[in-house]
Amino acid sequence: AVVGGGAGGTASAFFLRQLYGTDVQIDMYEPSNVLCGRVATVEVAGRMYEAGASMLHPSNRYAKGILSKFGLKEATRPNVLISFYNGENYTFRSSEWKIVTLFRLLWTFGYDLIRLYWFERSFLNLFDKIYSEHKHGHSFRNMSDFMYTLGQDTFINATKISACQLYADQGFGSNFINMMLNGGLLANYGQTCEVTGFVGAVSMAGIQPGLWSVRGGNKLLCSKLYENSSAHWIKEEVTKVSLTSGGQFAVRTSTNESNFLWLSIVIYSLYDHVIITTPINKDTSKLDVSGACSTYCPSDDNDQRRYRKTVATFVKGKLNSTKFQCESPTCPVILGTSNATYFRTIGFHYPVDFNESTGDTIESGIYKVFSDESLTKEQIDDLFDKHDSVDEVVWLAYPKYSAPENLTSFVLNEAGLYYTSPIESAASAMEMSLISARNAALLSFNDWYAVSEPVNNAKRNAPTEL
Ligand SMILES: CC(C)=CCC/C(C)=C/CC/C(C)=C/CSC[C@H](N)C(=O)O
């Protein structure tokens, strides 16, 4: 069984099917009517816009693989320009003229731009190893092994110190740390550089050129994964997983419990292996695995990963041109660089199905404002000269990060209970969920055939590609 129908859940179901073939039954538990969890769209003024995880990186091979395997297309969008705003003034402003922007970048950040290029490139090169490890059937039982195999001490160290420290140790100056690093982190994770160095590196990758998203909405990745997994979608919320004396896992949901007179009847479904893809924590889940975990129990006090509240406000209107000194609807994305701003970012967004060839114009776009708290009417009036519609989505988007992060286990019970969320201790991003799902499916497959059949069995070497 797979618990959860988000990116991690649908990808787990798909990868399990790829590995095991058609002769296993896969049930996917997801109570919501829509798949993809934190990768969500919202309807504003009759069009759909990304409300959650919105960007993928050109090096994200699993997402790219799903895109091409299932005939999805990349959304067309113009290159995004960014400006930094400290609550009162711009500390850096992009210009429509590339040469002017380049000059200003060099003036403000100097050699740190080159340093950033090489630093991110070396991180991404190390991280890229994950794809060949998985391709060769290697799976990781815990996050320490995962991080060590990919980036040895460099990666482990990056989870133990803050991003402020990592980037300062690498020689980055205060302009870079205060604006670029903090602005990027506020935009991507709603936090400043007190998060770990690794989160900082992923966030910096998340403001590079070439980022992409899926035409029609990123959640199409999940629908395609689910459709092609031939999993049975059970629209119920799993409340408890426990290990039976027979070595199987009993999965109980909130709906299969009923009271008959004085008798409480509870129905379980039994599974050989279970992959849990929803975070087990007080903020977001009722799931109890205390009767099933033995290798590692995520409910231990040291792993109550808390999630940060993120408010996304969608405004169809005209930005305050006096405050932001920009008349065009496509002003650069404004990144707040300090906690002095009550917003984290303001950016112009196109609908997920934006298509110029079918008559879409700039007017089909809206502004998306990220903030920690709901915006007041005064704040909206301060940001916009005029507005037709205001829609708000509140969600628990990202973990609260602080250094050092605990690197915990993907295996909750050696009998076949796996957990994908520990990857979020490195960094939360769509591709990270896909990687963790692939890892969990490989763990299940490798464990099953190591236990039940001798190695070199044809199935054991089943080819899988994405
Ligand atoms: C080790 C490094 C530097 C990167 C790993 C590759 C990776 C996962 C890149 C993702 C970059 C990206 C798009 C980051 C954006 S942050 C999360 C984002 N706001 C989201 O919600 O998905």
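Grid points are joined across faces, edges and corners, and a volume is the space filled by probe spheres set on the points. The model is a predicted one, in which local features need pLDDT of at least 70 and side-chain atom pairs count only at pLDDT 80 or more, whereas totals for chains, interfaces and linings use all residues. Residues are numbered from 1 along each chain as its sequence is written, and side-chain values use heavy atoms, with hydrogens and water left out.

Two or more lining residues are given by each of α1 (7-20), β12 (269-271) and α13, the helices (H or I, at least four residues) and strands (E, at least two) being DSSP runs numbered from the N terminus. By class, the lining of this pocket divides into nine nonpolar, four polar and one charged residue; Ala, Val, Leu, Ile, Met, Phe, Trp, Tyr, Cys and Pro count as nonpolar, Asp, Glu, Lys and Arg as charged, and the others, Gly among them, as polar.

A search of the whole structure also finds two cavities of 30 Å³ or more, a cavity being a set of points where the probe fits but cannot get out. The second largest cavity has a volume of about 60 Å³, and its lining includes Ala7, Cys36, Asn218 and Met430. Both α10 (220-227) and α13 (430-452) give two or more residues to this lining, and the largest share, three residues, comes from α10. The lining of the second largest cavity holds 10 nonpolar residues, one polar residue and no charged ones.

For the chain as a whole, 13 helices and 20 strands are found. The radius of gyration, taken over C-alpha atoms, is 23 Å, which agrees with the value near 23 Å for a compact globule of 466 residues, according to a rule of 2.2 Å times the number of residues to the power 0.38. Along its principal axes the C-alpha trace spans about 70 × 50 × 45 Å. Of the 466 residues, 52% count as buried, that is, under 20% relative accessible area with a 1.4 Å probe and protein chains only.

How values were computed: 1 Å grid on protein atoms, 1.4 Å probe; cavity = no way out; pocket = protein on both sides within 12 Å on 5 of 7 lines; lining within 4 Å. Buried < 20%, exposed > 50% of the residue type's maximum accessible area, 1.4 Å probe, protein only.
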